[in-house]
Amino acid sequence: MATFSSDILRKFARFVALLLKSSLRRACYTLRIFYALLRRLGHMCIRLGHDTSSIRRLQEELRPAICSSGLPTIHTLSTDVNQAGDRPHSTLAVPVDIASPQHPLYLTPPPHPNSRDDFSIGTVDDIPVSNTSFDSGLPQIVLEMNTTDEPQFVFSGHAAALSERIIKLVPIIPTDVKRYDRNIKMKWTEPNCFVITPKDNKYVEEVQYGWRDFVHPEGPRVYYHHETRVFTDADMRLGKMDSKKLLGMAKALKDYAKRSVTGTELVLELNTEKGRTNIIKSCGYYFVDHVKRVIFWAHSYTCEPHGEILFNVKAAKRLSHIKYSLESQYWPVLSKGSSSRYHCELYPHNRYLPRQIFEELREIIVHANAETITSDTSLAPFDGNELAKMLDLMDRIEGSIDKMHAYSVCVVGDPAKVKFTNFCGQPGVRVDADRSIYYKEGHERETLIFRLLNLILWYGPRKHYKRVQRVWVDEIINAPRWKDFINQLDNEWLGFTIYSTVMLAVDVSFLAVPGIIDSSLQTSPAIAVYMSSLCAVGSLVLAVLLVDQSKDYQTAEDGALYMSLMTNGIPGMENLALMHSLPYALLVWAMVFFGLALSIFIFDTDDVVTLATMIPGWIIVLIFTLWPTIFTLWPTMNTAVGWLLNFAKSLPRQPERVIQYLRGSRHPELDQMFIDRPSDRVA
């Protein structure tokens with residue numbers, strides 16, 4: 001009985017000790033907050049009444065101490081109206097509007113300080129949070145403009161050398177993060193014996209205080225500072241990059257931004273000296289607004305015409321239009337063949353997958369799938385099979401909603417780049433993939449040379465010219481249409497190789513007929529067969545070469561580069577159409593020359609019965625052979641004689657048109673539009 005009572009007393013005493021210890025710890029945190037408050041009150045005048053700016057400033061300065069204390073977050077609601085010049089109201093910890101898992105910025109609350117010793121890479125509950133103020137211990141850094149109006153960091157008394165006291169600051173975009181171009185090589189050495197002791201139970205590398213490392217789904221390691229919401233690819237392990245220097249630059253940037261950065265993230269891309277990773281030459285940065293789903297900067301950012309923002313899109317001049325391009329820098333890219341990486345794909349960690357975004361993406365895929373089924377001119381960057389696979393993938397990702405799954409966040413995106421190139425929401429929006437929004441239909445002028453070659457090559461160039469026009473609309477390629485275009489060309493050229501081989505075998509067999517080849521004199525049928533054989537060989541070789549070249553631009557990205565190189569010259573798309581039609585034209589000429597040789601061989605006789613029989617048959621076969629061509633060209637001209645007369649009348653004006661074509665622009669409508677409205681150009 002005495003033993004039982006002693007056990008009960010011992011357990012009761014342990015319970016009381018734990019209770020007092022927990023209460024004492026929380027009381028210490030509360031006293032520390034009041035102590036910081038009293039220190040601020042000593043040198044700050046708080047004016048009550050209508051002047052509330054000092055109170056809000058005090059709240060912002062005390063926020064790091066409150067967030068790191070482990071106490072419940074305190075939300076302060078606005079009860080008055082902002083006066084002119086006042087900063088917007090904020091909260092002591094996390095804003096109320098992002099306290100829901102549905103919000104794209106929703107994060108877990110700060111962890112308890114005791115979790116610092118239990119390092120883990122599984123959850124965010126063990127993120128180490130500083131118990132001191134964020135500003136303490138950081139170097140004094142000033143952000144100013146140099147003589148060339150470029151931003152730079154100036155360290156006061158932090159570094160001895162002048163080159164280390166000034167760091168160039170560059171506004172960048174997510175595609176400027178050189179994660180996949182760092183070219184860090186490992187040493188090729190033989191493995192040695194490695195002993196794992198019983199004490200080696202943590203298979204992680206220690207990072208500097210306040211930082212947390214994540215392993216990207218594709219393999220690279222990224223670092224995140226929870227208190228300041230800073231992402232970076234710089235090596236933040238112990239003994240590597242100076243954490244205080246980096247956090248000081250982040251603080252200077254946020255102070256210079258002069259706007260609320262509570263709901264934003266900051267990405268720092270450091271350019272260090274080769275072999276000395278602790279010496280920073282320049283620092284690239286961009287802010288991320290998760291509410292608006294865009295990126296922004298504290299300085300002016302120049303959008304180059306051929307850069308990732310304007311994307312060489314003509315007439316892009318409205319901010320409501322360029323907004324879609326900025327959104328594309330936020331989301332993972334939804335276009336096939338692109339090698340670019342954007343923010344949510346570069347840094348998918350420490351955030352939830354909101355249901356609203358998931359449902360929005362699923363609705364986009366469903367609409368695109370239905371449009372590809374009902375329309376041949378869909379603007380969707382994927383074909384029906386790919387969209388069906390995406391819908392199946394969305395059903396599997398649905399289980400990751402409101403969960404912190406980096407793999408799912410990394411693949412959920414928005415086709416904002418497609419909206420930008422098609423002028424979504426603008427007056428001149430593109431609604432069909434084969435319709436230009438800059439030029440009228442039939443704006444291209446055919447040159448005299450192209451018209452003559454079109455006749456010589458059996459109207460093949462004009463057919464290919466129309467095909468190229470439908471796939472290369474406004475110098476933009478739609479991936480599914482380009483895929484169908486390449487497959488159609490490959491099948492056509494492969495078919496010509498079979499026909500050319502058969503034609504070559506027929507020509508060689510015809511030469512073996514007695515009387516075709518004379519040892520003393522070349523007969524007319526033999527010469528015609530020689531020409532037919534040469535044309536068949538040319539068609540065969542050209543088809544094989546073109547099929548081989550098409551393998552290099554199967555994707556839309558490679559196709560856009562190929563089309564730009566082929567159509568930016570003086571001949572433009574006419575040169576490409578002529579080249580694509582050569583296998584067909586040479587094969588037709590091979591058949592024509594063989595028919596000529598056969599006709600000469602048949603009619604080289606004085607037999608009346610043979611001539612009376614073969615002449616009507618030859619005429620009937622010739623009419624049936626030319627029938628499809630005649631009725632295809634009939635709508636384009638009233639009569640053959642009238643077309644020849646019109647062509648003869650236009651011959652004196654053709655040299656002048658050719659000279660004007662070579663000197664002038666191929667698109668006078670667009671040039672006149674820019675001349676009339678020079679202020680609409682984008683710098």
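His343 is buried, with a relative accessible area of 0%; buried means under 20% relative accessible area, exposed over 50%, and partly exposed in between, with a 1.4 Å probe and protein chains only. His343 belongs to helix H6, residues 343-346. Helices (H or I, at least four residues) and strands (E, at least two) are DSSP runs, numbered from the N terminus. Leaving aside neighbours within four places in sequence, His343 is in contact with Pro174, Glu265, Val267, Tyr286, Val288, His290, Gln329, Tyr330 and Arg351, where contact means heavy atoms within 4.5 Å.

A word on the source. This is a predicted model, in which local features need pLDDT of at least 70 and side-chain atom pairs count only at pLDDT 80 or more, while totals for chains, interfaces and linings use all residues. Residues are numbered from 1 along each chain as its sequence is written, and side-chain values use heavy atoms, with hydrogens and water left out.

Next, the chain as a whole. The secondary structure of the protein chain comes to 20 helices and 9 strands. Buried residues make up 40% of its 683 residues. Of the contacts with a separation of 6 or more, 68% join residues 24 or more positions apart.

I turn to the cores. A nonpolar core is a set of buried Ala, Val, Leu, Ile, Met, Phe, Trp, Tyr and Cys residues joined through side-chain atoms within 4.5 Å. In soluble globular proteins, nonpolar side chains tend to be buried together. Which members touch the most others in the largest nonpolar core here? Among its 75 residues, they are Phe153, Leu246, Leu253, Leu268, Tyr285 and Tyr286. Helix H4, residues 243-257, contributes the largest share of this core, with 7 residues. A second, separate core has 38 residues, including Leu457, Val468, Ala479 and Phe593.

Apart from neighbours within four places in sequence, Leu268 is in contact with Val230, Phe231, Thr232, Asp233, Leu246, Ala250, Leu253, Cys283, Gly284 and Tyr285.

Ser282 lies in strand E8, residues 276-289. This serine is buried, with a relative accessible area of 15%. Not counting residues up to four places away in sequence, Ser282 touches Ile167, Lys168, Glu269, Leu270 and Asn271.

Let us now consider pairs of helices. Axes are lines fitted to C-alpha atoms, for helices over the stretch in contact, and angles run from 0 to 180 degrees between N-to-C directions. Angles under 35 degrees count as roughly parallel, over 145 as roughly antiparallel, 65 to 115 as roughly perpendicular, and the rest as oblique.

The axes of H7 (residues 355-374) and H8 (residues 384-397) come within 9 Å and cross at roughly 155 degrees, so H7 and H8 are roughly antiparallel to each other. Their crossing is left-handed, meaning that the near helix is turned anticlockwise from the far one by less than a right angle; clockwise would be right-handed. On the H7 side, the contact includes Phe358, Leu361 and Ile365, and on the H8 side, Leu387, Met390 and Leu391 are among the residues involved. By class, this contact has 11 nonpolar, 3 polar and 2 charged residues. For these classes, Ala, Val, Leu, Ile, Met, Phe, Trp, Tyr, Cys and Pro count as nonpolar, Asp, Glu, Lys and Arg as charged, and the others, Gly among them, as polar.

Ile357 is also placed in H7, and at 7% relative accessibility Ile357 counts as buried. Ile357 and Gly413 are 56 residues apart in sequence and 8.6 Å apart in space, C-alpha to C-alpha.

How are H15 and H16 oriented to each other? The axes of H15 (residues 556-567) and H16 (residues 573-603) come within 7 Å and cross at roughly 105 degrees, and the two helices are therefore roughly perpendicular to each other. In this contact, Tyr562, Met563, Met566 and Thr567 of H15 meet Met573, Asn575, Leu576, Met579 and His580 of H16. These residues divide into 6 nonpolar, 3 polar and no charged.

H16 also meets H11. Their axes come within 10 Å and cross at roughly 20 degrees, so H11 and H16 are roughly parallel to each other.

Finally, two loop residues. Tyr459 lies in the loop between helix H11 (448-456) and helix H12 (460-471). Phi of Tyr459 is near 60 degrees, a positive value in a residue other than glycine, and at 19% relative accessibility Tyr459 counts as buried. Asp474 lies in the loop between H12 and helix H13 (479-511). Phi of Asp474 is near 55 degrees, again positive in a residue other than glycine, and Asp474 counts as buried at 14% relative accessibility.
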